[in-house]
Amino acid sequence: MITTVLSSLMVMLQSDDVTMAAPFFGFMGVTSALVFACMGAAYGTAKSGVGIAAMGVLHPDLVMRSMIPVIMAGVVGIYGLIIAVIVGSSIGEDYTSFQGFAHLGAGLSVGLSGLAAGMAIGIVGDSGVRATAQQPKLFVGVILILIFSEALGLYGLIVALIVQGKGSS
């Protein structure tokens with residue numbers, strides 16, 4: 001199956017009509033942005049949710065305060081959605097290879113940085129909510145670590161917006 005896809009891709013790239021392959025790369029950018037960012041968001045939500053559930057058994061009054069990692073993980077998915085919508089809406093009839101490659105780069109930038117951010121948020125969120133339940137003084141430190149984890153996804157969004165803008169101009 002993979003060899004079939006790769007051989008089809010090689011035929012498209014060797015074609016005289018270079019615009020035939022360009023939308024493929026643009027749509028792969030859309031897919032990469034949304035899929036990888038949502039994978040990071042899902043992992044961050046699930047991992048943090050496990051920590052919240054375990055902590056909530058002993059301290060149910062702290063559950064709502066501990067939802068911050070889940071919210072931050074959801075924002076990472078929104079970053080991917082933003083780029084996917086922007087790139088997807090710019091794919092049209094006069095779509096060039098340069099635009100396709102730029103949009104693939106934009107999608108990979110936000111998607112993979114969102115995946116990394118989601119993983120970091122999940123791990124820190126899980127450990128952080130459990131630790132905060134035992135020692136409330138750790139709350140500010142955990143929030144700062146979560147903010148820096150979220151910043152990884154934001155960096156990818158900024159780069160993706162710049163790269164996408166270069167491809168559309």
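**Group meeting: the cavity and the chain around it**

Okay, let's start inside: of the helices, α5 gives the most to the lining of the largest cavity, four residues. Helices here are DSSP runs of H or I, at least four residues, numbered from the N terminus. A cavity is a set of points, on a 1 Å grid over the protein atoms alone, where a 1.4 Å probe fits but cannot get out, and lining residues have an atom within 4 Å of a point.

Quick caveats: this is a predicted model, where local features need pLDDT of at least 70, side-chain atom pairs count only at pLDDT 80 or more, and totals for chains, interfaces and linings use all residues. Residues are numbered from 1 along each chain as its sequence is written, and side-chain values use heavy atoms, with hydrogens and water left out.

Back to the hole. Its volume is about 60 Å³, taken as the space filled by probe spheres set on the points, which are joined across faces, edges and corners. Besides α5 (139-168), both α3 (68-90) and α4 (97-134) supply at least two lining residues. Among the lining residues you'll find R65, P69, T132, F139 and L146.

Now zoom out. The protein chain has five helices and zero strands. Its C-alpha atoms fill a box of roughly 65 × 35 × 20 Å along the principal axes. And what share of the 169 residues is buried, meaning under 20% relative accessible area? That's 40%.

Last one: take contacts (heavy atoms within 4.5 Å) between residues at least 6 apart in sequence, and 83% of them join residues at least 24 apart.

Definitions and conventions:
On a 1 Å grid over the protein atoms alone, a cavity is a set of points where a 1.4 Å probe fits but cannot get out, and a pocket is an open set with protein on both sides within 12 Å along at least five of seven lines; lining residues have an atom within 4 Å of a point. Buried means under 20% relative accessible area, exposed over 50%, partly exposed in between (1.4 Å probe, protein chains only).
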